[in-house]
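Work through the exercises below with the sequence and the model side by side. Each task is followed by a solution in steps.

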Amino acid sequence: DMMAWNDLDLDVENDGMSLEKLHRLTSFILEKFQPVWYEAKEEIAPDGKRVWFHGFETMITGQLWNVDIWFFDQSKIEDAAEYCDSIAQRAKKKQKQQIVAIKEELIRRGLYSFEVYRSIDVYKAVTELGITTPERFLSEYRIQRD
């Protein structure tokens, strides 16, 4: 209940992933989902581990959806699930409303993306720093990247 747009994030264990499989999955996504936007890439994460990503936007049931498929090692997936669970349990109803309001304003301004502000930035600002409005977020929060 902290989503500001139609978004589906999938974390997949990557032990069997390869660049060849990334290319095959690209073909499948393009054919089956006919995305209006698409990106796929292989990266080396700061910890030296290989990561694969597919991101696309497509129409589902008459609405535009953003789909992100990340291929990580199992420990990264477990850490991400634990973090998401902790935010969902820790955030009170009012904070969840504040999180959505900040996300919606960032979207409106074109600032809610992987390159600028991400969900984790908004969660930290609201639950750890007590920032409660989009205006305060934009004036007080500084991006903290790992």
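The model is predicted: local features need pLDDT of at least 70, side-chain atom pairs count only at pLDDT 80 or more, and totals for chains, interfaces and linings use all residues. Residues are numbered from 1 along each chain as its sequence is written, and side-chain values use heavy atoms, with hydrogens and water left out.

**Exercise 1.** Decide whether Glu-20 is buried or exposed, then find its salt-bridge partner.

Solution. Step 1: Glu-20 has a relative accessible area of 53%, so it is exposed. The classes are buried under 20% relative accessible area, exposed over 50%, and partly exposed in between (1.4 Å probe, protein chains only). Step 2: the partner is Arg-24, with 3.0 Å from N to O. A salt bridge here is a side-chain nitrogen of Lys or Arg within 4 Å of a carboxyl oxygen of Asp or Glu. Step 3: both residues belong to helix H1 (residues 19-33) and sit 4 residues apart, about one turn of the helix. Helices (H or I, at least four residues) and strands (E, at least two) are DSSP runs, numbered from the N terminus.

**Exercise 2.** Count the salt bridges and examine the pair Glu-105 and Arg-109.

Solution. Step 1: the rule gives 8 salt bridges. Step 2: Glu-105 and Arg-109 form one of them, at 2.6 Å from N to O. Step 3: Glu-105 is buried because its relative accessible area is 15%, while Arg-109, at 43%, is partly exposed. Step 4: salt bridges also link Glu-39, Lys-41 and Glu-43 in a network.

**Exercise 3.** Which residues gather in a patch of negative charge on the surface?

Solution. Step 1: the residues are Glu-78, Asp-79, Glu-82 and Asp-85. Patches are made of residues with over 30% relative accessible area and no salt bridge; like charges are joined within 9 Å, and nonpolar side chains (Val, Leu, Ile, Met, Phe, Trp, Tyr) within 5 Å. Step 2: take Asp-85, found in helix H2 (residues 74-90). Its relative accessibility is 47%, so Asp-85 counts as partly exposed.

**Exercise 4.** Locate Lys-93 and give its C-alpha separation from Met-2.

Solution. Step 1: Lys-93 is in helix H3 (residues 93-108) and counts as exposed at 66% relative accessibility. Step 2: the C-alpha atoms of Lys-93 and Met-2 are separated by 9.8 Å, although the residues are 91 apart along the chain.

**Exercise 5.** Summarise the whole chain.

Solution. Step 1: the secondary structure comes to 5 helices and 4 strands, in the order β-α-β-β-β-α-α-α-α. Step 2: the C-alpha atoms fill a box of roughly 45 × 35 × 25 Å along the principal axes. Step 3: of the 146 residues, 34% are buried.

How values were computed:
Accessible areas come from the Shrake-Rupley method with a 1.4 Å probe; for residues, only the protein chains shown count as cover. Lys and Arg count as positive and Asp and Glu as negative; His and the chain ends are not counted. The place of a charge is taken as NZ of Lys, CZ of Arg, CG of Asp or CD of Glu.
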